[in-house]
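Please keep the sequence and the structure in view while reading.

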Amino acid sequence: MQKGQQNKTITLPSGRIIPAIGLGMWYLGEDAGAYFKETALIRRALEIGYRVFDTAEMYGNGGAEEVLGEAVADCRKEVFLTSKVSPEFATYEKIIEACDKSLERLQTTYLDMYLLHWSVSRNTRPEEVLEAFVDLKNAGKIRAFGVSHFDLSDLKEWLSFKEAAETEMNQAYFNLVHRQMEKELLPYCRKKKIPLIAYAPMDVYPSAYENGVLQRIAEKNDATPRQIVLAWLLAKDNVGVLVKSPDEESLNAFFQSQFIYLSREETDALNAAFPLN
């Protein structure tokens, strides 16, 4: 495994540079008995070098935000916190209220990024959502806003509103096996200079990790197949990833994946082994 000197980063439209690899909080905060174990795991992630943490009000019904808030309370200014508002709260008043509750659970006065978790329904006015986001930003409660789970048509509709010009992130389901985002969404995001953040970046069918090409490339780089799957994504311009880890060993392994540099031949071989359909 070749290690570089600097962590992989992405650049937001505002010009702010943040780490490309972050830790996701989904499935945390659901078991009160795991509270101390989960906060300890996040603190270990900080020691390893993670600085981007992604959560949402719906994760553990707010429990994930509470766990994360406790874990980073002593180093708030060193981390980049993202949370999300659920679409059922996508009215102006409810978004303001939801953000205030998230801030309270996270023990902070501001979010670095606030996302609309899914595209709005037919009964929701995107301009109302954007009005709330802009007001939250002007009030200093969020530093930036964006969207999650938006496909190309959703994103185009969203960006048709002038207030959406400040959109700084889109999260999407994207990995080596599920490559549909490369057809249209990723090129469009690049055109708009909006980073694409891949959630579930290692969520591929189990047999994929037994693929001979993937295993040979992993062995050549003294890495695991999962690390190669992450490295393939992180090699893409202005693409970030959100990983989830149950233990310290995988926390460290996933973080180290950003220092694996795949050759053109290796990337081509992976693309051929897992073709874009």
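What volume does the largest cavity have? In this predicted model, the volume of the largest cavity is about 80 Å³.

## Cavities

The structure contains two cavities of 30 Å³ or more. The largest cavity is lined by 16 residues, and those closest to its centre are I18, V52, M169, I197 and L242. By class, this lining is made up of 11 nonpolar, four polar and one charged residues. Several strands take part in the lining of the largest cavity: strand 2 (17-19), strand 3 (21-24), strand 4 (52-54), strand 5 (80-85), strand 8 (167-173) and strand 10 (239-243) each give at least two residues to it. Strand 10 supplies the largest share, three residues.

The second largest cavity holds about 40 Å³ of space. Its lining consists of L23, G24, M25, L28, L41, K244 and S245. Four of these residues are nonpolar, two are polar and one is charged.

## Pockets

The largest pocket has about 240 Å³ of space. Of the 16 residues that line the largest pocket, W26, Y59, H117, H149 and Y199 lie nearest its centre. The lining of the largest pocket divides into eight nonpolar, five polar and three charged residues.

In the second largest pocket, the volume is about 170 Å³. The residues that line the second largest pocket are E57, M58, S86, F89, K94, E97, A98, K101 and R105. Five of them are charged, three are nonpolar and one is polar.

## Helix 1 and helix 9

Two packed helices are described by the angle between their axes and the distance between the axes. For helix 1 (residues 35-48) and helix 9 (residues 248-256), the angle is about 35 degrees and the axes are 10 Å apart. The crossing of helix 1 past helix 9 is right-handed.

Which residues make the contact? On helix 1 they are L41, R44, A45 and I48, and on helix 9 they are E248, L251, N252 and F255. Five residues of this contact are nonpolar, one is polar and two are charged.

## A buried residue: D54

D54 is part of strand 4. Is D54 buried or exposed? The relative accessible area of D54 is 2%, so D54 counts as buried, the cut-off for buried being under 20%.

Leaving out residues up to four places away in sequence, D54 touches L23, G24, M25, Y59, T82, K84, Q171 and L242.

## An exposed residue: D222

Where does D222 lie? D222 is in the loop that runs between helix 7 (212-220) and helix 8 (225-234). D222 counts as exposed because its relative accessibility is 58%, and exposed means over 50%.

D222 and A253 are 31 residues apart along the chain, and their C-alpha atoms are separated by 12 Å.

Notes. Residues are numbered from 1 along each chain as its sequence is written. This is a predicted model: local features need pLDDT of at least 70, side-chain atom pairs count only at pLDDT 80 or more; totals for chains, interfaces and linings use all residues. Side-chain values use heavy atoms; hydrogens and water are left out. Axes are lines fitted to C-alpha atoms, for helices over the stretch in contact, and angles run from 0 to 180 degrees between N-to-C directions. Helices (H or I, at least four residues) and strands (E, at least two) are DSSP runs, numbered from the N terminus. A crossing is left-handed if the near helix is turned anticlockwise from the far one by less than a right angle, and right-handed if clockwise. Contact means heavy atoms within 4.5 Å. Ala, Val, Leu, Ile, Met, Phe, Trp, Tyr, Cys and Pro count as nonpolar, Asp, Glu, Lys and Arg as charged, and the others, Gly among them, as polar. On a 1 Å grid over the protein atoms alone, a cavity is a set of points where a 1.4 Å probe fits but cannot get out, and a pocket is an open set with protein on both sides within 12 Å along at least five of seven lines; lining residues have an atom within 4 Å of a point. Grid points are joined across faces, edges and corners, and a volume is the space filled by probe spheres set on the points. Buried means under 20% relative accessible area, exposed over 50%, partly exposed in between (1.4 Å probe, protein chains only).
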